[in-house]
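I opened the structure to look up its fold, its core and its ligand shell. My entries follow in the order in which I made them.

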Amino acid sequence: MASTDASRFEQRPVLVFWELTRACPLACAHCRASAIRERLPGELSTAQGNTLLESLRDFGPPYPTLILTGGDPLSHPDLWAIIARARALGLHVAVSPAVSPRLSRAVLDRFRALGVASISLSLDGAQASTHETLRQSPGHFAQTLEAIDLAQDAGLRVQVNSTVTGASAAEWPELFQLLRDRGVPVWEVFFLIRTGRGAGLSELTPSEAEDVCHFLYDASQYGMVIRAVEAPFLRRVLRARQAGAPPPPSPLYRSLRSRLEGSAGPAARPSSLAPVGTLDGDGILFIGHDGTIHPGGLAPEALGRFPERRPAEVYRSSPTLRSIRRREFHGACGRCAHRAYCGGSRARALAATGDILGTDPACLRAASAEA
Ligand code: SF4
């Protein structure tokens, strides 16, 4: 188990997620939080929330961006005061609201007026039936497209989040084109982790995940910023393709690519993919609704609890997070030459093996090494 050089995120994360509440009007099939209709009694109080915001300045400048998530942040009665307080403290704020009738134009305008940097909205397929099977809400596909348009019209930077499962991967060229036609600037593709209510859904096989990564590399050459969540092995694929390696000859990849080029034409720009980035606990920290601090939203290992522990102290001193940042992994990820800039999904390693430092089983290289 060899360690690598210290992470560039050793002192501070770039993103701190605060799960304001688990209350949400939706009941999505893949919900990390297993969100429910009503707020739970253990949520941080208003006073504790204010102290939490102040504690984020412990990290020192440049402060991490605060992402207010849930559940649905609009289910929290103090949302507006929290945004205003965070902005007054000099924090950049992004919000991840659920698409529901509450997400009105007036609400979007208020986000903009308070200086919210961006909002993320979830769209999980190019077909209504695919999206609505996950969201479990008839009509939600059209409502989400309307919300994307409304948010852009309100002047907000919109990031669309899409969860890719074994059942939805084939629609990705059409989903990409749908977002491109709407001028969406940022597309974040979540590779499903079987945790929360998503435990019963189908993940991509390692071969399918590799095909989708090659497709995302292709799609990243049309001007849209594309990021992958819980698939850092996309960085391995990026580096291989930029070094001239051929894409896989598999039927799934060939189909994805030919449909991409059929609608978008030949790629004309450099890839927008980042060759380095974050992992849970390495550039990312997640604070749950009750103050429990985790490496990431899909990695539910408890590291401590606010207000007894402060986030900066936990982030810098946690043995688990230090091991993640030093790439002290077990199994194939621990032996892999790509671990400095990849490192595998720590959330998937935890969900699949019970060891957050274990191997990410969705990676084709890891699967080949352990076969
Ligand atoms: S084996 Fe692990 S570190 Fe290596 S490329 Fe795969 S996920 Fe990344």
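Predicted model: local features only at pLDDT ≥ 70, side-chain atom pairs only at ≥ 80, totals over all residues.

Residues are numbered from 1 along each chain as its sequence is written.

Overall form. I looked up the secondary structure as DSSP runs, with helices (H or I) of at least four residues and strands (E) of at least two, numbered from the N terminus. The protein comes to 14 helices and 11 strands.

I counted a residue as buried if 20 or more other C-beta atoms lie within 10 Å of its own, exposed if 12 or fewer, and partly exposed in between. By this count 49% of the 371 residues are buried. A nonpolar core is a set of buried Ala, Val, Leu, Ile, Met, Phe, Trp, Tyr and Cys residues joined through C-beta atoms within 7 Å. The largest one has 99 residues, and F191 and L216 touch the most other members. Helix α7 (residues 206–219) gives the most to this core, with 7 residues. Beyond four places in sequence, L216 is in contact with V189, I226, A228 and L234.

V184. I located V184 in the loop between α6 (172–181) and β6 (186–191). V184 counts as buried because it has 22 C-beta neighbours inside 10 Å. Residues up to four places away aside, V184 touches I148, V158, V160, L179 and M224.

Strands. I took two strands as paired if DSSP finds at least two bridges between them. β6 and β7 pair in the parallel sense over 5 bridges, and V225 in β7 is the bridge partner of V186. In β7 (residues 225–229), 4 of the 5 residues are buried.

Ligand. I set near as a C-beta atom, placed from the backbone, within 6 Å of the molecule. The ligand is surrounded by 14 residues, the closest being C333, C336, C342, G344 and C363.

Terms used: Contact = placed C-beta atoms within 7 Å.
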